[in-house]
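User: I have a model open and want to get my bearings. Can we go through it together?
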Amino acid sequence: MAVSTLQAINLSRNFGANYAVSDVSFSLEKGEVLGFLGPNGAGKSTTMRMLTGNLAPSDGSVKICGIDMVNEPKKAKEMIGYLPEMRPLYKELTVDEFLTIAARFHKVEPSKISKSVEVAKDKCGLGHMSKRLIENLSNGYQQRVGIAQAIIHEPQIVILDEPTVGLDPIQIREIRNLIKEIGKKHSVILSTHILPEVEMVCDRVQIIDKGSLVFNGSIEELKKQRRGNKLLVGFTKIPTKKELIDIPGITQVDAIDNTMCRIHFKEKYLPAEEIVALAVKNKWGLFHIAPDITSLEDIFVQLTQIKK
Amino acid sequence: MIVNIARKELKSLFASPMGWIILALLMFGFGFLYLDGVNKYFEVMSGSIRPAERQGITIFVGQNVYGAANFLMTVAIPILTMRLISEERRSQTLPFLFSAPISLTEIVVGKFLGMVIFLGILVLYIFIMLSSMNIWADIDFGYLIGNSFGLILLIGSFCALGIYFSSLTSQPIIAAISTFIALFAMVIFGNFTASDPGHWFGHISMSKHFQSFTRGVIDTSDVIYFILFIVTFITLTIRRLDSDRLTG
């Protein structure tokens, strides 16, 4: 049985009459990368601020390795590394100076500070930037410094709030690899509104909408929802619906336009071959046949709309 | 941990030209007052023939230098303290401190101490400057030490007020202006009721409590006044930051 390092229990937070987060409970296992997904304003950042002790929950509690965040904040915070959405960097300092300060603040032993600064820089690919002022670094490198300060004290849990926002595709890829790398040693919570990102780096996904959890499961479960029993077929001379429904296994045919249609079929049947055979025989002019994959976006929309 | 915060604050102060410029300007100001005091001493003393009118050089020059400190500090300290918290609020670096295993009290006291240590350099310089008179005169070191202590207390109170105003806003300039106005009021309060020394207005004025130091008197009620002032505003700052966490 895996050990859970972080537990959120019935977490709620209201701003006036507005509930930003209501009754959210989940836990994080050791060595797991948890993706926190949700549209803008769903309460991702608010939840993360509560997990890291930056915001007091209106109700509920956060336990870090069994230590309560409200009662023993210092002990709990020692085990967390946090990178907020707006990276908190002292831009007037150099990378080395800033990381040294971060290490000191996170109670790294004085004799080990310079070593842990080196290790963090190494992991984040910042080795050749040591003496540069943070102000003068590019966006992507600043983000790496942000991640470096979150992992410098080897925390049990690393919490990253939208770590890839505003970066270019190459940088995004590098940061994702970095997160995967971090995920091997630490538990990671990662918030994002980019779906493929979750698929690429996370072991488990949680979807939050309007302050409450709407989905909590592994990536596989999410993918299952994605691959339905559907085929997307295109003919130059489209046959009638009846002709298609007569093929065994096919339950429903939806015409999309004059040439394309979506064919639903029963579980365990695979009517592709018969469709092709019939198309050749009747000269329907088949030019496209492929499994119809619901995009993650669609699943996301479905999940977030169930509640409504 | 308080020490680490103070170190960080000192590093930031010296990483920008601001810290150096303020320190240099203040030093120039105090140096000028010192020189002026020494020159005036000979003018005034050569005119006073009766021994009763004569005064020691330490207290004469010292009053010239330390007596002006509250006005110089009223101008300089708001510029230094304005950034302490409001800058962090503006550039959103507060979560860095809040998510580290450091209590709010440590953060605020650390920042406060960093600032006092920074200005302590100035107090030390002034002390050394005035001690240099010892080469040709026999000066009263007790008076200098007492005044340095008073000046530290004055700086501490100004910084405590400055850090509080800095915690209220995310605009450093607004923090600076409101600190300046508040300090200015604190300093000149007493002058309104100068004719009535027992008036309560005079008692809450800062300059009145600082003046006894420049006369060479260390009065416990003055020391307690300054310490209470510092503790009050530090506590208010901590509460202000705590309400950030509670109300978001």
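User: What do the buried residues of helix 9 of chain B pack against?
Analyst: They pack against helix 4 (69-81), helix 5 (83-90), helix 8 (141-168), helix 10 (200-204) and helix 11 (206-214) of chain B. Helices here are DSSP runs of H or I, at least four residues, and strands are runs of E, at least two, numbered from the N terminus. A residue is buried if 20 or more other C-beta atoms lie within 10 Å of its own, exposed if 12 or fewer, and partly exposed in between, with C-beta atoms placed from the backbone.

User: Which residues of helix 9 are buried?
Analyst: In chain B they are B:Pro172, B:Ala175, B:Ala176, B:Thr179, B:Leu183, B:Val187 and B:Gly190.

User: How should I read the numbers and letters?
Analyst: This is a predicted model: local features need pLDDT of at least 70, side-chain atom pairs count only at pLDDT 80 or more, and totals for chains, interfaces and linings use all residues. Residues are numbered from 1 along each chain as its sequence is written, while chains are lettered from A and ligands numbered from 1 in the order in which they are written.

User: Back to helix 9. Where is its kink centred?
Analyst: On B:Met186, with a kink of about 30°. The bend is the angle between axes fitted to the seven residues ending at a residue and the seven starting there.

User: And how far does helix 9 reach?
Analyst: Its 21 residues, 172-192 of chain B, reach 30 Å from first C-alpha to last. That is close to the expected 30 Å, which is 1.5 Å times one less than the number of residues.

User: Zoom out. How many helices and strands are in chain B?
Analyst: There are 12 helices and zero strands.

User: Why does its radius of gyration agree with a compact globule?
Analyst: Because a compact globule of 248 residues would have a value near 18 Å, and chain B has 20 Å. The radius is taken over C-alpha atoms, and the rule is 2.2 Å times the number of residues to the power 0.38. Buried residues make up 39% of chain B.

User: New topic. How many residues of chain B are in contact with chain A?
Analyst: 19 residues of chain B are in contact with 24 residues of chain A. Contact means C-beta atoms, placed from the backbone, within 7 Å.

User: Which helix of chain B gives the largest share of that side?
Analyst: Helix 1 of chain B, with five residues.

Note on methods. Two residues are in contact if their C-beta atoms, placed from the backbone, lie within 7 Å.
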